Amino acid sequence: TGGVEIGNSVNITGNGALGSQLLVKTTGNMQLTGSIFSGGRVELAGNNRVTGRITAASGTGNLVQAAAGLNLSGNIDAQGNVSITSPGTVNGKVTVPVGFTYTGPLPSLGAVNGIPAIPGLPRQPRVTDLTQYAPVPSNTTTNITTNRTITPGVYNNMTLTGNRTVTFSGPGVYVFNSIKNSGNFNTFVYDFKNTTTGDIIILVRGDVDLFKLEVRTINGGSPARIYAEAQGTGSTAADGVSAWMHSNGTSGSKNSGWLGAVWVPYGNIMMGFGPQNSYINGSLMSGKKVTLQSGVNMTFTPYSWPNENDVILPQYPFPVNGKSAAARVSTELIILCAPGNENLLTNLSAEDPLRDIYLVEGSGASTGIYIEAVATSQANVAALRSILTSTYSLTKEIQNEQGSLKVTGLVPVNKICGLETDP
């Protein structure tokens, strides 16, 4: 996503993440159960609460900037300066490169100059080839304007003017030219027919304006099995750029809502437009910008996005040029020898994402890490074990299968770097 902007009174749960290639920005009192990952900068308004961590990868000035009242439960990793206005709380560690500074309340695990642990951002989903779905003539059957139960197929335009209900009958692909709703609370019903497999997929050639919408599933299913893709540019929207719009609305116990994943490759996503409240249970991705304007309660529910498994990106601060063919030690370990990274694994919190990469015991100067060393031949296994034990203080050896070339055990972190240069 090119940019993410979060407005006032927005609450996001579900342990997901806000991510952007350029900027993640809040303008109001956001509450986020999850993390923030930016390929550029992060700007947070006052009284924001984030239960995960914050990373920022590029830009000038302060790469992470927060107004007073920040409550952060995790680490901050940035490739530049970080400025947090006091009072505020950082229950983690702040890491910036040598030559950059941290300004703000004292983090519970300190502020260090080192190599920030910044993960790569996920690749955007593929754009569906809609030429495989031939357009249909415009008539009373293909235009959806009244209460209807529709089955998977190709339709023309959906234009609901209020108090209309459309039932999507069963998993499958539903194709529309555009969706332009208005009036007082239309309703989408997703009928999964008690199936256990298959998704309800809504593909739109142009723009989508849901206005005030009530949504629900029947006969099984969940938001994790609903996917919508709008390929418009927002040219028909009031702002000229939002290809997916959804308005707030409240009527008695009824709130405007959306279920499922949304992918908008060529336009913006604008949710929470107008006064009152709305809810989202799903995930949002745009090639341009995602805005949750105000009064939005969002629960993150992941979806199996197309091509999401095509790429694997490490979550440790990997070397820019990768691993040398001549290097003995893996990139996960050699990065511990980089200037400023000597204490990367000391005093990790229980929730620190580096624990997903490294198996660590102890803390401070006594921190140890489990490693796996491989001998060049079976004849050298005993010698390797002897060197690791006598020179590198290997303990807690884990027995491998008979005939294995591997020696596995706990080694003090402060002795790892010698493994690369040991003759």
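Predicted model: local features only at pLDDT ≥ 70, side-chain atom pairs only at ≥ 80, totals over all residues.
Guide: Residues are numbered from 1 along each chain as its sequence is written, and side-chain values use heavy atoms, with hydrogens and water left out.

Visitor: Why is T187 called buried?

Guide: Buried means under 20% relative accessible area (1.4 Å probe, protein chains only). T187 has 7%, so T187 is buried.

Visitor: What does T187 touch, not counting residues up to four places away in sequence?

Guide: Contact means heavy atoms within 4.5 Å. On that basis T187 touches R164, T165, V166, L213, E214 and R216.

Visitor: Why is N75 called buried?

Guide: The relative accessible area of N75 is 9%, and therefore N75 is buried. N75 sits in the loop between β9 (71–72) and β10 (76–78).

Visitor: What lies 2.7 Å from a polar atom of the N75 side chain?

Guide: The backbone nitrogen of K93 does.

Visitor: What makes up the lining of the second largest pocket, by class?

Guide: The lining has 13 nonpolar residues, three polar and three charged. Nonpolar covers Ala, Val, Leu, Ile, Met, Phe, Trp, Tyr, Cys and Pro; charged covers Asp, Glu, Lys and Arg; the others, Gly among them, are polar.

Conventions:
Buried < 20%, exposed > 50% of the residue type's maximum accessible area, 1.4 Å probe, protein only. Helix = DSSP H or I, 4+ residues; strand = E, 2+ residues; numbered from the N terminus. Polar contact = N/O pair within 3.5 Å; in protein donor to acceptor, adjacent residues only side chain to side chain.
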